[in-house]
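Me: I would like to learn how to read a fold from its coordinates. Can we take it one feature at a time?

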Amino acid sequence: MSGIQGKVVAITGASSGIGEATATHLAEQGAHLVLGARREDRLNAVVDRITAAGGSAAGTVVDVTRRADLGRLTDTALARFGRLDVLVSNAGTMAISPFDELRQDDWDAMVATHVTGLLNGIGAALPVFRRQRSGQFVNVASTAAYVVKSPQAVYAATKTAVKVLTEGLRQESGPHLRVTLVSPGFTDTEGVGKGASPEAARALARQRDDIAMPPSAVASAIGYAIGQPDGVDISEIVVRPTVQA
Ligand SMILES: NC(=O)c1ccc[n+]([C@@H]2O[C@H](COP(=O)([O-])OP(=O)(O)OC[C@H]3O[C@@H](n4cnc5c(N)ncnc54)[C@H](OP(=O)(O)O)[C@@H]3O)[C@@H](O)[C@H]2O)c1
């Protein structure tokens with residue numbers, strides 16, 4: 001199978017931002033979407049928008065830190081559409097702060113969402129992909145996995161872990177699976193600075209307003225990777241605004 005048309009794509013963190021834009025973009029290309037996030041009202045609104053526009057989508061409440069929730073996401077794909085072609089692990093939190101503020105709950109949330117959450121997705125989808133002898137992981141990291149900027153160390157460390165896990169998974173994936181890392185730079189979403197310490201949030205929001213690219217730019221990069229023929233794996237994409245240093 002090549003292209004996007006008819007593929008069954010599950011996306012975590014699909015209730016806003018990059019996840020929502022990716023769902024919309026792939027639905028327009030004829031994919032069947034299975035969308036997960038915690039905010040049920042926002043998730044349902046995305047599903048409703050896609051279906052009202054003639055697309056195909058289902059939603060299920062997913063907290064990626066809970067292993068069973070990822071199982072429910074892949075089960076929903078199998079029950080509704082009979083297969084799963086792609087899992088986009090996109091859920092994330094950018095609650096950035098300096099170490100001295102000791103926001104240990106935020107540190108834990110970033111580790112749980114980006115590292116445990118990604119592993120939960122791999123645990124749920126890998127057996128399905130092995131059985132089908134096809135499937136693709138698309139893991140969303142960040143340019144923070146390439147350049148550490150204070151006070152983003154915890155965020156950058158967890159996104160570096162996403163990059164490392166993705167490369168290891170790619171090496172073990174064998175001839176039938178595809179594994180793609182997509183690392184966005186500043187993207188105009190509600191998540192930038194959300195939950196961050198006030199000073200960091202202000203700085204991030206300022207930068208976002210000055211230089212961010214639209215989430216559709218990341219969505220089309222993800223679509224490009226998914227649209228390649230079966231035997232072609234786009235392993236890594238870094239997509240950033242031209243003005244981002
Ligand atoms: N915006 C940027 O500049 C930028 C740059 C580089 C990388 N990224 C990455 O891109 C991804 C998407 O972020 P965004 O910018 O689109 O921000 P966003 O609009 O805040 O989206 C984050 C999504 O993740 C979901 N989420 C958070 N924690 C979750 C959990 N435990 N379980 C399930 N879903 C969860 C949120 O939905 P609920 O709250 O409804 O669960 C939301 O749908 C993140 O991984 C982020 O780190 C963003």
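The dialogue below goes from the sheet to the helices, the backbone and the salt bridges.

Me: What kind of model is this, and what should I keep in mind about the values?

Reply: This is a predicted model: local features need pLDDT of at least 70, side-chain atom pairs count only at pLDDT 80 or more, and totals for chains, interfaces and linings use all residues. Residues are numbered from 1 along each chain as its sequence is written, and side-chain values use heavy atoms, with hydrogens and water left out.

Me: How do I read a sheet? In what order do the strands stand here?

Reply: Strands of a sheet pair through backbone hydrogen bonds, either parallel or antiparallel. Strands (E, at least two residues) and helices (H or I, at least four) are DSSP runs, numbered from the N terminus. Two strands pair if DSSP finds at least two bridges between them. Here seven strands form an open sheet, in the order β3-β2-β1-β4-β5-β6-β7, with parallel pairing. The edges are β3 (56–61) and β7 (236–239). Each has a single partner strand, so one side of each is left without a neighbour in the sheet. On average, neighbouring strands are turned by 15° against each other, direction ignored. Axes are lines fitted to C-alpha atoms, for helices over the stretch in contact; angles run from 0 to 180 degrees between N-to-C directions.

Me: How many bridges join β4 to β5?

Reply: Four bridges join β4 (residues 86–89) to β5 (residues 135–140), and the two run parallel. In this pairing, L87 stands opposite F137 in β5.

Me: Which strands does helix α4 touch?

Reply: Contact means heavy atoms within 4.5 Å. Helix α4 (residues 104–132) packs on the sheet and touches β4, β5 and β6. The direction of α4 makes about 165° with that of β5.

Me: Next, helix α5. How does its length compare with the expected span?

Reply: The expected span of a helix is 1.5 Å times one less than its number of residues. α5 has 20 residues and reaches 28 Å from its first C-alpha to its last, close to the 28 Å expected. Now its buried face. Buried means under 20% relative accessible area, exposed over 50%, and partly exposed in between (1.4 Å probe, protein chains only). The buried residues of α5 include V154, Y155, A156 and L169. The buried residues of α5 pack against α4, β5 and β6. G174 follows α5, and its phi is positive, near 80°.

Me: Which backbone values deserve a second look?

Reply: Most residues other than glycine have a negative phi, and most peptide bonds are trans. In this model, the peptide bond from S150 to P151 is cis, with omega near 0°. P151 is placed in the loop between β5 and α5 (153–172). L102, a residue other than glycine, has a positive phi, near 50°. L102 lies in the loop between β4 and α4 and is exposed, with a relative accessible area of 55%. R133 also has a positive phi, near 60°. R133 sits in the loop between α4 and β5 and counts as exposed at 54% relative accessibility.

Me: Is S197 buried or exposed, and what does S197 touch?

Reply: S197 lies in the loop between β6 and α6 (198–211). At 1% relative accessibility, S197 counts as buried. Leaving out residues up to four places away in sequence, S197 touches I96, S97, P98, E101 and R103.

Me: Last topic: salt bridges. How many are there?

Reply: A salt bridge is a side-chain nitrogen of Lys or Arg within 4 Å of a carboxyl oxygen of Asp or Glu. By this rule the count is 12. One of them joins the side chains of R49 and E20 (2.3 Å, N to O). R49 lies in helix α2 (residues 40–52) and E20 in helix α1, so the pair ties together parts that are 29 residues apart in sequence. R49 counts as partly exposed, at 48% relative accessibility.

Me: Where do R170 and E167 lie?

Reply: Both lie in helix α5, three residues apart, about one turn of the helix. R170 counts as partly exposed at 30% relative accessibility, and E167 counts as partly exposed at 32%.

Me: Which residues are linked in a network of salt bridges?

Reply: R39, R42, E190 and K194 form such a network.
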